[in-house]
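Here is a short report for a reader meeting this chain for the first time. Have the sequence and the 3D view at hand.

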Amino acid sequence: MKYNPVLYIAAVLFALAVSGCSVSNNPQHREIKLLQKGKLTDDTSFVYHLPYGENSNHLVVQGYFSMYTHKHRAALDFKMKKGTKIFAARDGIVLRLKEDGDKGGADAKFRPYGNYVVIQHADSARTGYWHLQYNGVLVNVGDTVKQGQVIGLSGKTGYTYFPHLHFIVWKTDGNGKWTQIGTRFQTNKGIRYLRPLRFYRNSLPTKQIH
Ligand SMILES: [Zn+2]
């Protein structure tokens, strides 16, 4: 085929436009990318426990700002069977919960049925655990929970395509504005910002309180 400069330039511009579209305009997206690659080394942020049992290994199906439903969310989806024990990722106090949802599926109309627990931490950050099974919350509002304590059972309630745990951490600026943040986790391979489509094993002891 004959080289056509006009077509060539058009193709390059098209490729740039397409790749530009796939980059989230949320500035946190770039920051989390750098943290995942270990390029931001001045990191003193809290190290969370993986929210599942000792020696359990789970796949991150959606990571921070992944495509699909996390496009604008700094959240993690861990694939896990219904009824898997969920453990507190950090010490805190149970702020709110829901466990009467008994439906779930691949449609936004199921969103109100999602069961969850939200835990408040000492530095004002909050952690949320979503899609828990019906009656699957094993703590009460106001309870003090310890890192590595059982707090619930995973499920498939709310807006979800398959059984998994949607895990999310928020921080506040103190003026009522909340932001979802990426956090570090202790894994069996060291401290990591988790990436999608990888398995992460929890090597820390968990307490079978319930
Ligand atoms: Zn999710």
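Leaving aside its neighbours within four places in sequence, which residues is Phe78 in contact with? The partners are Tyr52, His58, Val60, His164, Leu165 and Phe167. This is a predicted model, and the contacts are computed from its coordinates.

## The chain as a whole

The chain holds two helices and 16 strands. It has 210 residues, and 35% of them are buried. Take the contacts with a separation of 6 or more: residues 24 or more positions apart account for 68% of them.

How confident is the predictor? The mean pLDDT of the chain is 88. A value of 70 or more is reached by 87% of the residues. One stretch stands apart: over residues 16-23, pLDDT stays under 50. For that stretch the model has zero contacts beyond four places in sequence. Where pLDDT is low, the predicted coordinates should not be read in detail.

## The nonpolar core

The largest nonpolar core has 39 residues. Phe78, Ile86, Val117, Tyr129, Leu132, Ile151 and Phe167 touch the most other members. Several elements each supply at least two residues of this core: helix H2 (27-36), and strands S3 (75-79), S4 (85-87), S7 (115-120), S8 (126-132), S10 (150-153) and S12 (164-172). The largest share, four residues, comes from S12.

Leu165 is found in strand S12. Is Leu165 buried or exposed? Leu165 counts as buried, because 22 C-beta neighbours lie inside 10 Å and the cut-off for buried is 20 or more. Leave aside the neighbours of Leu165 within four places in sequence. Its contacts are then Pro51, Phe78, Met80, Ile86, Tyr129, His131 and Ser154. Phe78 and Ile86 from that list are also among the core residues that touch the most other members. Leu165 and Val61 are 104 residues apart along the chain, and their C-alpha atoms are separated by 10.0 Å.

## How the strands pair

Strands of a sheet pair through backbone hydrogen bonds, either parallel or antiparallel. The table lists antiparallel pairs found in this model.

| Strand pair | Sense | Bridges |
|---|---|---|
| S5 (92-98) and S9 | antiparallel | two bridges |
| S5 and S7 | antiparallel | five bridges |
| S2 and S16 (199-201) | antiparallel | three bridges |
| S2 and S3 | antiparallel | two bridges |
| S14 (184-187) and S15 | antiparallel | three bridges |

Individual residues show how these pairs line up. Ile93 has Thr144 in S9 as its bridge partner. Leu97 has Val117 in S7 as its bridge partner. Val117 is also one of the core residues that touch the most other members.

Now turn to S2. His58 stands opposite Tyr200 in S16. Gln62 stands opposite Asp77 in S3.

## A three-stranded open sheet

In what order do the three strands of the open sheet run? The order is S1-S14-S15, and the pairing is mixed. Strand S1 (47-49) and strand S15 (190-192) stand at the edges. Each has a single partner strand, so one side of each is left without a neighbour in the sheet. Direction ignored, neighbouring strands of this sheet are turned by 40° against each other on average.

Most residues other than glycine have a negative phi.

Asn55 has a phi of about 70°. Where is Asn55 found? Asn55 is in the loop between S1 and strand S2 (57-62). Asn55 is exposed, because 12 other C-beta atoms lie within 10 Å and a residue with 12 or fewer counts as exposed.

Asn135 has a phi of about 55°. Asn135 lies in the loop between S8 and strand S9 (144-145). With 14 other C-beta atoms within 10 Å, Asn135 is partly exposed.

Conventions
Residues numbered from 1 in each chain as written. Predicted model: local features only at pLDDT ≥ 70, side-chain atom pairs only at ≥ 80, totals over all residues. Contact = placed C-beta atoms within 7 Å. Core = buried A, V, L, I, M, F, W, Y, C linked by C-beta atoms within 7 Å. Pairing = 2+ DSSP bridges. Axes fitted to C-alpha atoms, helices over the stretch in contact; angles between N-to-C directions. pLDDT = per-residue confidence, 0-100.
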